[in-house]
Amino acid sequence: MAYTYEQIREIFLKLPEDLREAYFSENISDKIIDIGKKHKLNVDETGILGGETGLVLLGEEHPNKFIANLSAKLGVDKTAAREIAQDINEQVFRPVRDSLRKIHGITDGSEISAKVS
């Protein structure tokens, strides 16, 4: 689904502060670019990775779908998607894990980021 600027703005304004900061963070963008390079993704594929990561940060896509979405949208097998997701988990999702759990309704007993652990 394509989102309009207004839709993203409305979603964004409801987020906890740490997720708002992460969503527009230059540091997070750099990490996504580095992960894309590490996994030999081209510029368009790295953009897809950033988009999928952003949807999780916004609460619009559940982390449990992250690996499947990466596999389908990047055209990579589940193993490659899992490796990419693991890097995103460690470098992007881990610092905001508590807020991600909250917006996605994940209890303490379950894991975030597409069951990468």
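1. Phenylalanine 12 is a buried residue, with a relative accessible area of 16%. The cut-off for buried is under 20%. This and the other values below come from a predicted model.

2. The structure holds four aromatic pairs. In one of the pairs, the rings of phenylalanine 12 and tyrosine 23 have centres 6.2 Å apart and planes at 55°, so this pair counts as tilted. Its two residues belong to separate helices: phenylalanine 12 sits in helix 1 (residues 5-13) and tyrosine 23 in helix 2 (residues 17-23), so the pair ties together parts that are 11 residues apart in sequence.

3. Tyrosine 23 has a relative accessible area of 24%, which makes it partly exposed, whereas phenylalanine 12 is buried. Ring pairs also bring in Phe24, so that Phe12, Tyr23 and Phe24 are linked into a cluster.

4. The phi angle of lysine 40 is near 55°, a positive value in a residue other than glycine. Lysine 40 has 74% relative accessibility and therefore counts as exposed; the cut-off for exposed is over 50%.

5. Helix 4 (residues 43-58) and helix 5 (residues 66-74) have axes that come within 10 Å and cross at roughly 155°. Angles over 145 degrees count as roughly antiparallel, and helix 4 and helix 5 are therefore roughly antiparallel to each other. Their crossing is right-handed.

6. Which residues make the contact between these two helices? On helix 4 they are Glu45, Ile48, Leu49, Glu52, Thr53 and Val56, and on helix 5 they are Phe66, Asn69, Leu70, Lys73 and Leu74. By type, the residues of this contact divide into six nonpolar, two polar and three charged.

7. Glutamate 61 lies in the loop between helix 4 and helix 5. Is glutamate 61 buried or exposed? Its relative accessibility is 18%, so glutamate 61 counts as buried.

8. Leaving aside residues up to four places away in sequence, glutamate 61 touches Leu55, Val56, Asn69 and His104.

Note on methods:
Residues are numbered from 1 along each chain as its sequence is written. This is a predicted model: local features need pLDDT of at least 70, side-chain atom pairs count only at pLDDT 80 or more; totals for chains, interfaces and linings use all residues. Side-chain values use heavy atoms; hydrogens and water are left out. Axes are lines fitted to C-alpha atoms, for helices over the stretch in contact, and angles run from 0 to 180 degrees between N-to-C directions. Helices (H or I, at least four residues) and strands (E, at least two) are DSSP runs, numbered from the N terminus. Angles under 35 degrees count as roughly parallel, over 145 as roughly antiparallel, 65 to 115 as roughly perpendicular and the rest as oblique. A crossing is left-handed if the near helix is turned anticlockwise from the far one by less than a right angle, and right-handed if clockwise. Contact means heavy atoms within 4.5 Å. Ala, Val, Leu, Ile, Met, Phe, Trp, Tyr, Cys and Pro count as nonpolar, Asp, Glu, Lys and Arg as charged, and the others, Gly among them, as polar. Rings of Phe, Tyr and Trp (its six-membered ring) pair if their centres lie within 6.5 Å; planes under 30 degrees apart count as stacked, over 60 as edge-to-face and the rest as tilted. Buried means under 20% relative accessible area, exposed over 50%, partly exposed in between (1.4 Å probe, protein chains only).
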